[in-house]
Amino acid sequence: MTAVMDALLNRASEPRLEAPAPDAETLEKVFACAARAPDHALLRPWRYLVIEGDAALSALGDVFASTCDDDAPEKAREKLRKKALRAPMVIVGIASHQMHPKVPEIEQTMSAAVGMGFLLLALEAAGYGGMWRTGDLAYHPDVAKGLGLGDHEIITGFLYAGSVSSEKPAVPRPHQKEFVSRWPQ
Ligand SMILES: Cc1cc2nc3c(=O)[nH]c(=O)nc-3n(C[C@H](O)[C@H](O)[C@H](O)COP(=O)(O)O)c2cc1C
């Protein structure tokens, strides 16, 4: 078994995260891993925002809270603000679509998503925990605007990153018979 297979077979997303967040040296390596995502025509149709520290995370919380209706109760705003504080670092994955005669948007989004997967795996291999989340916030225009996305960009997800405070219970993994078949049969 190779080290890569071993890492894949033993990985799990971890929702319970605490400080310390990945350090600068780790970040450099994991983003280099993300940049190995297969990429049709080498468009590099992805970028990432690293949000770390109390002030930055609370600013992200304000952006989340801004999606509430004007008449929403303060409790609803507070709930959204808290979502930004689930980890000491949030990495926002962004697909930056470009016009290309042979590479449709969907392929560029897929490349950006693979990059997120590589990033998550690399963080885990470096000894940190991570959890890829989306939800309505990832698709809300006010969040895109608040984070400075252009019209050609979409959020692929929020990668919550940090040190694992306690491991989540094991997730059942499907048997290959359930999702692999030969064609034609
Ligand atoms: C694009 C994408 C978005 C996701 N969004 C959420 C989310 O908003 N909330 C959540 O609890 N899990 C979300 N997940 C699932 C978790 O990241 C995780 O994969 C799942 O809990 C299974 O855990 P595992 O990675 O250990 O198999 C998302 C996964 C993907 C790929």
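Predicted model: local features only at pLDDT ≥ 70, side-chain atom pairs only at ≥ 80, totals over all residues.
Biologist: Which residues does the UniProt annotation "binding site" cover, and up to what distance are they spread in space?

Modeller: The annotation comes from an unreviewed UniProt entry and covers R11, A12, S13, R36, H40, W132, R133 and T134. These positions span 124 residues of sequence. They are spread in space as well, with C-alpha atoms separated by up to 28.4 Å.

Biologist: Is R36 buried or exposed?

Modeller: R36 is placed in the loop between α2 (24-34) and β2 (46-52). Residues over 50% relative accessible area count as exposed. R36 has a relative accessibility of 70%, and therefore it is classed as exposed.

Biologist: Which residues does R11 contact, leaving aside its neighbours within four places in sequence?

Modeller: R11 is found in the loop between α1 (3-10) and β1 (17-18). Its relative accessible area is 23%, so R11 is partly exposed. With those neighbours left aside, its contacts are L120, L121, E124 and R173.

Biologist: How are the rings of F31 and Y48 arranged as a pair?

Modeller: A search of the whole structure finds two aromatic pairs. In the pair of F31 and Y48, the ring centres are 5.3 Å apart. This pair links helix α2, which holds F31, with strand β2, which holds Y48, across 17 residues. The planes of F31 and Y48 meet at 45°, so the arrangement is tilted.

Biologist: What is the arrangement of the rings of F64 and F158?

Modeller: F64 is in helix α3 (residues 54-65) and F158 in strand β5, so this pair ties together parts 94 residues apart in sequence. F64 is buried at 0% relative accessible area, and F158 is buried at 1%. The ring centres lie 5.3 Å apart with planes at 75°, and the pair is therefore edge-to-face.

Biologist: Which residue of the annotated "binding site" lies over the face of Y160?

Modeller: R86 lies over the face of Y160, at 4.9 Å from the ring centre. Another arginine lies over the face of Y160 at 5.7 Å from the ring centre, namely R133. The annotation includes R133.

Methods
Residues numbered from 1 in each chain as written. Heavy atoms only, no water. UniProt positions renumbered as here; feature names shortened; annotations may be inferred. Helix = DSSP H or I, 4+ residues; strand = E, 2+ residues; numbered from the N terminus. Buried < 20%, exposed > 50% of the residue type's maximum accessible area, 1.4 Å probe, protein only. Contact = heavy atoms within 4.5 Å. Phe/Tyr/Trp six-rings, centres within 6.5 Å; stacked < 30°, edge-to-face > 60°. Lys NZ or Arg CZ within 6 Å of the ring centre and 35° of its normal.
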